Amino acid sequence: MPGMAEGWELLTLRGLAATDERAEMFTGTLVIHRLGSPEPVESVGVQVKRNVLVEMHETLGRLLARSTGLKQR
């Protein structure tokens, strides 16, 4: 359908690294697959700012804490 966003499955994030411990930018490779496609996975080089990683860390932590799959100890 026109106007519909493509669906992608995120398989992994490889090699996320920075030039030093104070870096504000990290580089890595997203490994993704187009939903419903018989085509193989794709690898996309990405650059991620530190503040985005911090936000993702906080968001994912909250999501996993609420998830029924995570057992609290």
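Which side chain meets Arg34 in a salt bridge at 3.7 Å, N to O? Select Arg34 and Glu42 and there's the pair; a salt bridge here is a side-chain nitrogen of Lys or Arg within 4 Å of a carboxyl oxygen of Asp or Glu.

Before going on, a word about what's on screen. This is a predicted model, with local features needing pLDDT of at least 70 and side-chain atom pairs counting only at pLDDT 80 or more, while totals for chains, interfaces and linings use all residues. Residues are numbered from 1 along each chain as its sequence is written, and side-chain values use heavy atoms, leaving out hydrogens and water.

Stop 1: Glu6 sits in the segment before β1 and Arg34 in strand β2, 28 residues apart in the chain. Helices (H or I, at least four residues) and strands (E, at least two) are DSSP runs, numbered from the N terminus. With Glu42 included, shared partners join Glu6, Arg34 and Glu42 into one network. Arg34 is partly exposed at 32% relative accessibility, and Glu42 is too, at 34% (buried is under 20%, exposed over 50%, partly exposed in between, with a 1.4 Å probe and protein chains only).

Now pick Arg50 and Glu24, whose side chains meet in a salt bridge at 3.6 Å, N to O. Arg50 belongs to helix α1 and Glu24 to the loop between β1 and β2, 26 residues apart. Glu24 is exposed at 53%, whereas Arg50 is partly exposed at 28%. A search of the whole structure finds three salt bridges.

Stop 2: Select 8–17, 25–34 and 42–49, which are β1, β2 and β3. They make an open sheet in the order β1-β2-β3, with antiparallel pairing (two strands pair if DSSP finds at least two bridges between them). β1 and β3 stand at the edges with a single partner strand each, so one side of each has no neighbour in the sheet. Eight bridges join β2 to β3. Zoom in on Thr27 and you'll find it opposite Gln47 in β3.

**Stop 3: the helix.** Finish with residues 50–66, helix α1, and pick out Leu60 there. Leu60 is partly exposed, at 45% relative accessible area.
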